[in-house]
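Here is a quick briefing on the model shown below. It covers cavities, a helix pair and salt bridges, in that order.

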Amino acid sequence: MLPSDWRTLEDWRRAARDPRAAAAELRRRINALPDVQRRAQWAWVKGSKALEHSFEAAAANKSPVSGAPFALKDLFTLAGTRTSAGANLPTRRAPLARHDGNMAEALARAGAICVGKTHLYEFAYGLTGENATYGDCVLPHHRSRTTGGSSSGSAAAVAWGIVPFSIGTDTGGSMRIPASFCGLHAVRLSPGDSLIRDAFPLAPSFDTAGWFATSAEDLHQVCVALLGPSPRLKRRATGVSFTFADWGLRARAEVAYATRRAGRTLAPAANREQAAALREVSAGSRDAYAILQSREAYAIHKAWLRLKPDCYTPEVRSRLERGQSHTPDQVEWALSHQKRVRAFFAECFKVSAFVVLPGAPFPALKKQECNLANRLRILDVTALASLAGLPVRTLPVPLPSGLHAGLQVVVPDTRSLLALPF
């Protein structure tokens, strides 16, 4: 097999036996990117000699990801690098890290090789592949369309074939939307776990860690490496599948049709009572999420907004400042609605091991389509799992146009991600 054909974790495990060739191939792939995409995707790239040493060190590790290169979203701490969170931060605001953070340390122990850090939507506060400072990440075969975000650089690193997996985060859809747009497999974990706890925050009660891969098998192997072995099941897990029509949401016809068919290959269709419950609890979920999430985000950035407003683009600054405008009554309503969302999923999980929901209501957006109206339509489908604080597996759904949609498979806890029957 030629180096240019290396795609899977297994390919790279074998490639690691020749550290010099493996390092050279990674550098070749990054250098082959169009200049604008290299700048848009990559915040920092490890040097060739350092990559060689990393491959040599990985040779003795027996983890499922040993010898596999990965990209790290620039919210996670990596020794010897700065964490800029996709923003134009002064150096003193982003000093060199002395130690790896929890995510980088866990992957290093498993023998995976960090190739570099990737850009994201500024401060992770956006769902498109845009970045006003570094440029927009686009799909490799549809370059007029954005990857989605905020984990845009990490998704692009896999979609463009640089690495077999990458690390991102998801607060309000930042793994699920890029996975759907780029045709990737992905997971998001739970808020507050050790892998996200020391990352640069957006809204800590909602922030989760996650990863992308090109195949279900590779995604599972990363899950095993970071979460432990798969639990043994006494019986095959069954779920329930909802459609856009069940949800009462609009979607492009090809997306609605494809996600309905794909969802029903995974689980039986929801009944009328379940669909009615979903529609009822979904009403207001986007607004409840926006209130609770923006309050936390404003608290994180409050001091910087006052002292260093030039670190923010007007759009992100406006989103952050909204977090100070919510009344106590609005917050109380949002918290009450969040309880209703959690109760809805708790009822589902009494009879189903997982809940299948459609993802974005459209395929990857063109630049001119990255607007507020479409941002709100995305949040209509991502806010539920975010409010519930639940892990989600995202599966790609091919469309006749050559683009992709996605499915959200919501599970009750992180270990359940390993037990899914697909």
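**Cavities, helix packing and salt bridges**

L75, A124, T169, T171, I196, F200, P201, L202 and D207 line the second largest cavity. A cavity here is a set of points, on a 1 Å grid over the protein atoms alone, where a 1.4 Å probe fits but cannot get out, and lining residues have an atom within 4 Å of a point. Keep in mind that this is a predicted model: local features need pLDDT of at least 70, side-chain atom pairs count only at pLDDT 80 or more, and totals for chains, interfaces and linings use all residues. Residues are numbered from 1 along each chain as its sequence is written, and side-chain values use heavy atoms, with hydrogens and water left out.

**Cavities**

- The count comes to two cavities of 30 Å³ or more, a volume being the space filled by probe spheres set on grid points that are joined across faces, edges and corners.
- The second largest cavity holds about 40 Å³ of space, and its lining splits into six nonpolar, two polar and one charged residues. For these classes, Ala, Val, Leu, Ile, Met, Phe, Trp, Tyr, Cys and Pro go down as nonpolar, Asp, Glu, Lys and Arg as charged, and the others, Gly among them, as polar.
- The largest cavity has about 80 Å³ of space.
- Around the largest cavity sit A124, Y125, G126, L127, T171, G172, S174, L202, Y289, Q293, R375 and L379.
- By class, the lining of the largest cavity comes out as six nonpolar, five polar and one charged.
- Helices α13 and α16 (372–388) each give at least two residues to the lining of the largest cavity; helices (H or I, at least four residues) are DSSP runs, numbered from the N terminus.

**Helix packing**

- Helix α13 (residues 285–307) packs against helix α14 (residues 314–321) at an angle of about 120°, and their axes are 8 Å apart. Axes are lines fitted to C-alpha atoms over the stretch in contact, and angles run from 0 to 180 degrees between N-to-C directions.
- On the α13 side, S294, A297, Y298, H301 and L305 make the contact, while α14 brings R317, R319, L320 and E321 (contact means heavy atoms within 4.5 Å).
- That contact of α13 with α14 has four nonpolar, two polar and three charged residues.

**Salt bridges**

- The model has 17 salt bridges, each a side-chain nitrogen of Lys or Arg within 4 Å of a carboxyl oxygen of Asp or Glu.
- R28 and E25 pair up through their side chains at 2.8 Å, N to O. They lie three residues apart in helix α2 (residues 19–31), so about one helical turn separates them.
- R29 also bridges to E25, with the closest N and O atoms 2.8 Å apart. Here the two are four residues apart in helix α2, so again about one helical turn lies between R29 and E25.
- How exposed are the partners? E25 is buried at 6% relative accessibility, R29 is buried with a relative accessible area of 6%, and R28 is partly exposed at 41%. Buried means under 20% relative accessible area, exposed over 50%, and partly exposed in between (1.4 Å probe, protein chains only).
- D287 forms a salt bridge with R286, the closest N and O atoms being 4.0 Å apart. D287 is partly exposed at 41% relative accessibility, and R286 is partly exposed at 25%.
- E10, R13 and R14 are joined in a network of salt bridges.

Conventions
On a 1 Å grid over the protein atoms alone, a cavity is a set of points where a 1.4 Å probe fits but cannot get out, and a pocket is an open set with protein on both sides within 12 Å along at least five of seven lines; lining residues have an atom within 4 Å of a point.
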